[in-house]
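Visitor: I would like a close look at one part of this model. Please take me through it in order, and state the cut-offs as you go.

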Amino acid sequence: MKKYCLGIESTAHTWGVGIVDFEGENHSIINDTFMPEKGGLHPAMVREHHLHCFADVINKSLSDARLSLRDINLIAFSQSPGLGPVLKIGALVARMLSQILNIPLVGVNHCIAHVEIGRLMCNIKDPLTLYVSGGNTIVSAYESNRYQIFGETLDLAVGNMIDSFARDAGLSHPGGPKIESLASKSEKYIQLPYAVKGMDLSFSGLYTAAKRLLESPKFNDKYTLNDVANSLQETAFAMLTEVTERALAHTEKKEVLLTGGVAANKRLQQMIQYICDEHDTRFEAVPLKFAGDNGVMIAWTGVLRYLSEGGHEISETIINPRERMDQITVPWRIDK
Ligand code: AMP
Ligand code: MG
């Protein structure tokens, strides 16, 4: 008989529930995402959003999979990293379900889950991963029993940076797809700060300079919003591509995976594809449905950890808002 894991994603804006079986087949993916009317994500408002919708999303996910709670064999939840007050809702609901149903519980690192869903959905074994989202910008690869971090942002995540710029330009959240569409209408490049420090990246100078362009008297005279959007994307994505290429040369991985919400961007995909061709490396972007935060990636990573280590005790399921993906081992990757 098939065994099922129900996964709960609750690190930031998305309350996501996914159901997978222990062989990795996906049976349901349901998200309810908090959209701020203006400004960024206020943890207290996101928490209220998740508290409001959690049962509804779980019920929808079960009915989508044509299952009932009694058919579920394992509960997984995003334990780290993320917004503390929001992570707590996922942990609370997951603990409650596990105890009421008397089934095992397993906590999952959200960044590792983005890698694992990519490996599953793209059928790749051992990629160098560029994970770019609203909250994270990380280049990582498996080495010595961990997902080691080869490069990361020192300040803003690239998705957050683009969303903030879009907001300054009067565009609604999420700004990423809108900036992509505006950028595709321009070929003009305005020089902007390019900040790669060693293998790490900094986006705050780029953000401030792009914002200043919007406020300049030359705006709509010498250049348009399309031109600034194009210049912002070209600069940010060239930085990401440079770090990814250097990590690729160092690790000599034969596959590159692009994941996280920003992976949807066609221009970024094109740039990463280019370096992969140069290095004779296979390139895969996670299918759009699984690129942003979702419960399926949590469920599947929960299955992997459970099958190699068993479930977590309640005392081991305390949330960890700052845990890095290289702080924990990934026993299911060890070649037996
Ligand atoms: P996540 O945090 O993984 O759920 O992804 C959300 C982030 O992805 C937001 O910052 C979005 O603006 C960004 N995003 C989604 N689609 C695109 C796109 N086509 N280009 C750039 N960023 C995008
Ligand atoms: Mg994410």
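**The domain interface and the ligand site**

Guide: Between domain 1 and domain 2, about 2,000 Å² is buried, and carbon and sulfur atoms give 60% of that area. Buried area here is the accessible area, taken with a 1.4 Å probe, that two parts lose on being put together, summed over both. On the domain 1 side, Val115, Met325 and Arg333 lose the most area to domain 2, together 29% of what that side buries. This is a predicted model, in which local features need pLDDT of at least 70 and side-chain atom pairs count only at pLDDT 80 or more, while totals for chains, interfaces and linings use all residues. Residues are numbered from 1 along each chain as its sequence is written, chains are lettered from A and ligands numbered from 1 in the order in which they are written, and side-chain values use heavy atoms, with hydrogens and water left out.

The assignment gives domain 1 as 4-115 + 290-333 and domain 2 as 126-287; such bounds come from an automatic or database domain assignment. Taken over C-alpha atoms, the centres of the two domains are 27 Å apart. Across the interface, 21 residues of domain 1 are in contact with 22 residues of domain 2, where contact means heavy atoms within 4.5 Å.

Glu152 is one residue to look at in detail. Glu152 is part of strand S8, residues 146-152; helices (H or I, at least four residues) and strands (E, at least two) are DSSP runs numbered from the N terminus. Leaving out residues up to four places away in sequence, Glu152 touches Thr137, Ile138, Met199, Asp200, Leu201 and Arg324. With Arg324, Glu152 makes a side-chain polar contact of 2.9 Å. A polar contact is a pair of N or O atoms within 3.5 Å; within protein, one must be able to donate a hydrogen and the other to accept it, and residues adjacent in sequence count only if both atoms are side-chain atoms.

Ligand 1 draws at least three shell residues from each of domain 1 and domain 2. Of the 16 residues around ligand 1, the nearest are Gly134, Asp163, Glu180, Gly261 and Asn265; a residue is near if one of its heavy atoms lies within 4 Å. Gly134 has a backbone N or O atom 3.0 Å from a ligand oxygen. In Asn265, a side-chain N or O atom is 3.0 Å from a ligand nitrogen, and for His13 the side-chain distance to a ligand oxygen is 3.4 Å. On its own, ligand 1 exposes 500 Å², and the protein buries 88% of that; the areas come from the Shrake-Rupley method with a 1.4 Å probe.

Helix H4 (158-168) and helix H5 (176-183) are the elements that give two or more residues to this shell. H5 gives the most, with three residues. Pro174 sits in the loop between H4 and H5, and the peptide bond from His173 to Pro174 is cis, with omega near -5°.
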